[in-house]
Amino acid sequence: MEPLFRNVKELVARAEQENKLISEIMIEQEMLVTDRPREDIMKQMDRNLTVMEEAVEKGLKGVHSVSGLTGGDAVLLQAYMEKGNTLSGNLLLDAVSKAVATNEVNAAMGTICATPTAGSAGVVPGTLFAVKNQLNPTREQMIRYLFTSGAFGFVVANNASISGAEGGCQAEVGSAAGMAAAAIVEMAGGTPQQSSEAFAITLKNMLGLVCDPVAGLVEVPCVKRNAMGAANSVVAADMALAGVTSRIPCDEVISAMYEIGKSMPSALRETAKGGLAATPTGKWLEAKIFGGSVVGSGQ
Amino acid sequence: MIGPSSSHTAGAARIGRVARDLFGRQPKWAKIHLYGSFAETYKGHSTDVAIVGGLLDYDTFDERIKTSFEEAEKLGMAFEFIPETASVEHPNTARIVIGDERSEMSLMGISIGGGKIEITELNGFPLRLSGNHPAILVVHDDRSGCIANVANCLYKYDINIGHMEVSRKEKGDMALMVIEVDQNVDKEVLDELTELPNITQVTRIAD
């Protein structure tokens, strides 16, 4: 079946022509492709939202992974925010801490919702539950936030890749951060075009990011990359809402990401052979967790 | 889904579950060959427990994935992981060979991100199966009329074909039809398909 849009340009054009929100176009597309009524599709996304809420809640209480490499940072951040004199501001740190919370739960093999992947699952919910306190959305608007993110994720997954093994972290956290930025813009009352600008600005600043998980675990540096992905998306959303535009159109940024991913050596695409995984400490941690010798570390 | 990785955990579990689905019963043993990124990071990404969980018919959000090794032992399923160095087209590739005293089956799957998968090979037949839709797999002799008979039977039960692929190893030899359909197929239909001339085996993947 022919989808309602294949790229961001078509998505924005359709939203503008029909005077609809991007989330609405995505809902209509799901109805069309899956041949299910609106109510079903909204209910399914509502369940995803509940999974995200529960993961954040769990992470904010404090979880630790089996390896011991990650956990507890979301708690530290929330405690720091309560002191009330943060430098980057409470909304930004709230987003960061809730992104961290989600990924700490993920690292502990808890239940999360892939947005677009498990390793990058923190950015979309982290930003959502932070901007929620400022924008006071209805439950439906929160569900729509996920559809707006999904519309952009759909374009990336079908025209490029969301897999770290194929495109590095830029394909995972980079895509997630762009998706979140686009959704923040819609929730804050921005235009579809501004969502597209926010996505482009975010992804441009995550191009080239490699996937180099220490010991092959989805922990270091994944959790903190979600933190910074969340921060990146909130700032990019503000830039787009201020009227800043990207010189390179959104779809071309997505293509560039894909091309960069394809030219990345496999050592930097989720093989735990290069980057941070290959540092002396990275190798030492790997040996400590899985056993084996550290001779020849940093290969 | 259960973390930590949508491609290496959830996608891996799905590949395992499709293999189990196609096998039609709990296998007694499994040899799991891992390629590319799967081979390098399977321990850290819990790809191993996820595939075993899939072979035990667990969904991607089933908490039992975490303890699938113990569960497999209880059910008497032996398993072995073999990291391979051969280069493959997709970085997240697994070949699962499963069996019991009656038969064995080999399946190759790739995990393309976000938990989405594709089955790329079954018992040596190249194919492309997403696992997103219910599907019927028909092993048959490579004779004229087979495809028409199967299509006619599905038409009789008002089952619409979304995607279909036909492949064979050699002309006149064994062939495979992969038919993705829009709704789950009842056993009655499978039985009728099995009765058709030159049909060797019919299996299905439920939604």
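Predicted model: local features only at pLDDT ≥ 70, side-chain atom pairs only at ≥ 80, totals over all residues.
View 1. A:Ser246 counts as buried because 20 C-beta neighbours lie inside 10 Å. Leaving aside residues up to four places away in sequence, A:Ser246 touches A:Glu197, A:Ala200, A:Ile201, A:Lys204 and A:Val253. A:Met187, which is 59 residues from A:Ser246 in sequence, is 20 Å from A:Ser246 in space, taken C-alpha to C-alpha.

**View 2. Crossing of helices α10 and α11 in chain A.** The axes of α10(A), residues 192–204, and α11(A) come within 8 Å and cross at roughly 135°, and this angle makes α10(A) oblique to α11(A). The crossing in which α10(A) passes α11(A) is right-handed. On the α10(A) side the contact is made by A:Gln194, A:Glu197, A:Ala198, A:Ile201 and A:Thr202, while α11(A) contributes A:Asn232, A:Ser233, A:Ala236, A:Ala237, A:Met239, A:Ala240 and A:Leu241. By class, the residues of this contact comprise seven nonpolar, four polar and one charged.

**View 3. Contact between domain 1 and domain 2 of chain B.** Chain B is divided into domain 1 (6–129) and domain 2 (135–205), whose C-alpha centres lie 25 Å apart. In the contact between them, 11 residues of domain 1 meet nine residues of domain 2. On the side of domain 1 that touches domain 2, α1 (6–23) and β6 (125–129) of chain B each supply at least two residues, and the largest share, five residues, comes from β6(B). This side of domain 1 has seven nonpolar, two polar and two charged residues.

Conventions
Residues numbered from 1 in each chain as written. Chains lettered and ligands numbered in written order. Buried ≥ 20, exposed ≤ 12 C-beta atoms within 10 Å, placed from the backbone. Contact = placed C-beta atoms within 7 Å. Axes fitted to C-alpha atoms, helices over the stretch in contact; angles between N-to-C directions. Helix = DSSP H or I, 4+ residues; strand = E, 2+ residues; numbered from the N terminus. Parallel < 35°, antiparallel > 145°, perpendicular 65-115°, else oblique. Left-handed = near helix turned anticlockwise from the far one by under 90°. Nonpolar A, V, L, I, M, F, W, Y, C, P; charged D, E, K, R; others polar. Domains from an automatic or database assignment.
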